[in-house]
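Let's take a friendly tour of a structure, one topic at a time. Have a look at the picture first, then read on.

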Amino acid sequence: MPKESFVKRYGLLIGTGLAVGAAAVLLTALGNPANMGFCIACFLRDIAGALNFQRAGFDAEVGTGIVQYIRPEIIGLVLGSTVIAMVRKEFRPKGGSSPMIRFIVAVFVMIGALVFLGCPLRMVIRIGGGDLNAVVGLVGFAIGILIGIVCLKRGFSLRRAYQQSMTEGLIFPALMVVLLVLVLMHPSFIVFSAAGPGSMAAPILVAFAVALVVGVLAQRSRLCMVGGIRDAVMFRDFRLVSAFIAIIVAVLVGNLALSKFTLGFEGQPIAHSEALWNLLGMVLVGWGSVLLGGCPLRQLILAGEGNTDSAVTVTGFVVGAAVSHNFGLASSGTGIGTGPVAIAVVVGFVVLAVVSVMNMQKLEG
Amino acid sequence: MVDARGYSCPTPVIMVQKAVKEGNPAKLEVAVDNQCSVENVTRFAQNAGYKVQVSDFEGDFKLTLTK
């Protein structure tokens with residue numbers, strides 16, 4: 001059989017990566033927080049805030065916290081995946097592969113992401129903006145993935161998933177439709193920040209439409225930030241990592257064109273320079289994400305395809321975000337949180353280690 | 001047959017990798033239940049020098065790998 005051509009092998013992934021990068025730059029130019037065009041962790045955290053699960057930085061005068069908003073980007077990503085999966089007959093409800101383990105791992109992945117201040121996607125976007133703290137994060141992320149690979153090679157698996165009912169698979173996409181209605185109607189019980197990053201947003205329909213397209217592309221290309229490094233190391237397969245690089249290139253070019261590129265550690269938007277915590281936060285994210293089988297973006301896409309294990313994982317992210325902000329674990333531009341950050345991170349490593357060791361088994365064919 | 005149904009990637013690829021490494025079989029059948037795994041196992045198998053045929057298998061997918 002002839003080898004795949006370069007275009008066939010890398011085209012869709014590089015195209016998706018460039019589209020994600022361009023979307024991030026565009027959405028930032030249209031109002032999203034700096035270097036945060038598309039951060040899954042931040043945006044799920046904002047949704048947790050809009051539902052009043054957390055109200056970090058609450059200001060009595062303003063009446064809201066600083067990270068509360070229903071991000072249409074999340075909704076668009078999931079529904080884009082759902083639509084294309086339905087069209088291509090890939091929408092197959094399945095679940096039951098250690099849902100509670102996934103939930104708890106997801107909580108700690110989110111805690112790690114908020115210590116660093118970003119999911120793997122925002123890490124890449126920050127690198128494209130010249131934020132060197134994110135390069136420190138990348139080192140941690142890679143270390144975490146390598147630990148995860150050791151687990152995989154020793155037979156780590158969260159066991160089989162099973163077919164589920166159509167209703168079960170459709171609940172998560174349906175929840176996204178509910179969120180879409182809520183963001184458009186903005187009833188009084190939904191809180192949108194009046195100040196801070198949560199108050200900075202691209203127009204709802206533009207953000208939704210852009211995310212819808214990215215959701216379709218991500219579903220088709222199986223884009224995954226964790227899979228990139230994982231597959232490159234495990235299988236010498238550089239397809240996913242090519243998208244990773246394409247995102248950096250697109251964001252870099254976009255930022256240079258808009259004169260938004262600033263190289264350095266200090267004064268980067270919504271970032272801090274505590275290297276140890278940037279590193280350790282992303283080790284948690286990398287390791288946890290390998291155990292979960294994909295980065296937060298990929299989990300959204302899978303949840304959109306009817307994978308209820310991923311839907312549980314995303315729920316874990318939302319809870320993790322609320323925990324992070326309610327207990328002072330999340331960092332801010334001024335540094336790490338005022339709560340027991342070190343304890344939380346250490347507990348996270350212990351949890352991941354226990355989960356990893358307890359789920360190594362001989363894979364039966 | 002390697003029955004990787006219910007597993008999500010990269011596990012199916014790891015299972016096939018193991019089977020190939022251990023016996024270097026001339027023919028190997030692999031069952032998976034999602035399109036993503038079909039693509040990943042196919043790619044891995046082709047790189048390992050196999051021809052891959054995909055067929056329906058109880059509503060899921062069967063990949064037949066032959067040298």
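Predicted model: local features only at pLDDT ≥ 70, side-chain atom pairs only at ≥ 80, totals over all residues.

Residues are numbered from 1 along each chain as its sequence is written, and chains are lettered from A and ligands numbered from 1 in the order in which they are written.

**The sheet of chain B**
- Chain B has an open sheet of 4 strands in the order 1-2-4-3, with mixed pairing; strands are DSSP runs of E with at least two residues, helices are runs of H or I with at least four, and both are numbered from the N terminus.
- Strand 1 (2–3) and strand 3 (51–57) of chain B are at the edges with a single partner strand each, so one side of each has no neighbour in the sheet.
- Strand 1 and strand 2 (residues 27–32) of chain B run parallel and are joined by 2 bridges; strands pair if DSSP finds at least two bridges between them.
- In this pairing, B:Asp3 stands opposite B:Ala31.

**A helix pair in chain A**
- Helix 6 (residues 133–153) and helix 9 (residues 225–235) of chain A pack at about 55 degrees, their axes 10 Å apart; axes are lines fitted to C-alpha atoms over the stretch in contact, and angles run from 0 to 180 degrees between N-to-C directions.
- The contact includes A:Ile145 of helix 6 and A:Ile229 of helix 9 of chain A; residues are in contact if their C-beta atoms, placed from the backbone, lie within 7 Å.

**Where the chains meet**
- On chain B, 18 residues are in contact with 16 residues of chain A.
- Helix 1 of chain B gives the most to the side of chain B that touches chain A, with 5 residues.

- Most residues other than glycine have a negative phi, and most peptide bonds are trans.
- B:Cys9 and B:Pro10 are joined by a cis peptide bond with omega of about 15 degrees, and B:Pro10 lies in the loop between strand 1 and helix 1 of chain B.
- A:Arg236 has a positive phi of about 55 degrees although it is not a glycine, and A:Arg236 is found in the loop between helix 9 and helix 10 (239–257) of chain A.

Technical notes: Contact = placed C-beta atoms within 7 Å.
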